[in-house]
Amino acid sequence: MNWNPFKKKQDEPELDPLKDLTLSGLKPGYVLDYNLKTWQVTAHNYYDYEGDRVNEWELACAEEVLYLDREEDDDITWTLSRKIPLSRIDGNLRAHLQEHEDPPQEITCNGVEYTGESSNVGKFYKNGEPPGQEFIVWDYTDRSGKKTLTIEQWGDDDYEASLGEIVEEYQFSDILPSE
């Protein structure tokens, strides 16, 4: 093998901008534009539902944090959500959960009615690292099927909620890798 002092060192493979800079290929440190703002990818997590994987990217812009989920079933579905306090959901959801161990089938939040679509048990892998943390999730959608509400249970009495919307890949642009 000939030694060439002018050859670039091949520590990392070169990025192919047509293949690697896609929404599915996001990595921590990448930036992208959405809704007239530039967002930085701060984490890449995933959920495992008995072999079905949902990828989640945490996006930050100033003090705002969004979560971009990619779920592949028959089609690829992208959901963009933000965490909300459980108290923003109408009624006393926490009391209902403690009494019935499940949320109600119909939930109203911000004047929008949501209907329960599914529930599941899974494991969450922060930054893709084991061990996974077990949780229960309940997914809701509005009448249009475009708005989502999710309730997660982590442990006996630790609940989180998030509101989201179904988004399309074309709504994101200018994906750039970290330096």
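Helices here are DSSP runs of H or I with at least four residues, strands are runs of E with at least two, and both are numbered from the N terminus. Walking from the N terminus, you pass β-β-β-β-β-α-β-β-β-β-β-β.

Some housekeeping before you click further. This is a predicted model, where local features need pLDDT of at least 70 and side-chain atom pairs count only at pLDDT 80 or more, while totals for chains, interfaces and linings use all residues. Residues are numbered from 1 along each chain as its sequence is written, and side-chain values use heavy atoms, with hydrogens and water left out.

**Stop 1: colour by burial**

Buried means under 20% relative accessible area, exposed means over 50%, and partly exposed is what falls in between (1.4 Å probe, protein chains only). The areas themselves come from the Shrake-Rupley method. Of the 179 residues in the chain, 36% are buried.

**Stop 2: the loop between β1 and β2**

Select N35 and L36. N35 sits in the loop between β1 (31-34) and β2, and L36 is found in that loop too. Check the backbone torsions: N35 has a positive phi of about 55° although it is not a glycine, and L36, also not a glycine, has phi near 65°. Buried or exposed, what are N35 and L36? N35 is exposed because its relative accessible area is 58%, and L36 is exposed with 89%.

**Stop 3: the K37, E64 and R82 network**

Now show the side chains of K37, E64 and R82, which are linked in a network of salt bridges. A salt bridge here is a side-chain nitrogen of Lys or Arg within 4 Å of a carboxyl oxygen of Asp or Glu.

Take K37 and E64 to begin with: their salt bridge has an N to O distance of 2.8 Å. This pair ties together distant parts of the chain, with K37 in strand β2 (residues 37-49) and E64 in strand β4, 27 residues apart. Next, pick R82 and E64, whose closest N and O atoms are 2.7 Å apart. That pair also links distant parts of the chain, since R82 is in strand β5 (residues 76-84) and E64 in strand β4, 18 residues apart.

E64 is partly exposed at 23%, and R82 is partly exposed at 37%.

Searching the whole structure turns up 5 salt bridges. Another one to select is E72 with R70, at 3.3 Å from N to O. R70 is buried, because its relative accessible area is 14%.

**Stop 4: a negative patch**

Select E50, D52, E71, D73, D74 and D75, and you have a negative surface patch. Patches use residues with over 30% relative accessible area and no salt bridge; like charges are joined within 9 Å, and nonpolar side chains (Val, Leu, Ile, Met, Phe, Trp, Tyr) within 5 Å. Asp and Glu count as negative, Lys and Arg as positive, and His and the chain ends are not counted. To check the distances yourself, place each charge at CG of Asp, CD of Glu, NZ of Lys or CZ of Arg.

Zoom in on E71, which is in strand β4 (residues 64-72). Its relative accessibility is 43%, so E71 counts as partly exposed.

**Stop 5: a cis peptide bond**

Jump to P130 and P131. The peptide bond from P130 to P131 is cis, with omega near 0°. P131 is in the loop between β7 (112-125) and β8 (133-142).

**Stop 6**

Select Q153, which lies in strand β9 (residues 147-153). It is buried because its relative accessible area is 14%. Which backbone oxygen lies 3.0 Å from a polar atom of the side chain of Q153? That is the backbone oxygen of G155. The Q153 side chain also reaches the backbone oxygen of D156 at 3.3 Å. For polar contacts, the cut-off is a pair of N or O atoms within 3.5 Å; within protein, one must be able to donate a hydrogen and the other to accept it, and residues adjacent in sequence count only if both atoms are side-chain atoms.

Finish on strand β10 (residues 159-167), where you will find I166. I166 is partly exposed at 25%. Draw a C-alpha to C-alpha distance from I166 to G145: it reads 8.1 Å, for residues 21 apart in sequence. S162 lies in strand β10 as well and is buried at 11%. From S162 to E152, 10 residues apart along the chain, the C-alpha separation is 8.7 Å.

Terms used:
Accessible areas come from the Shrake-Rupley method with a 1.4 Å probe; for residues, only the protein chains shown count as cover.
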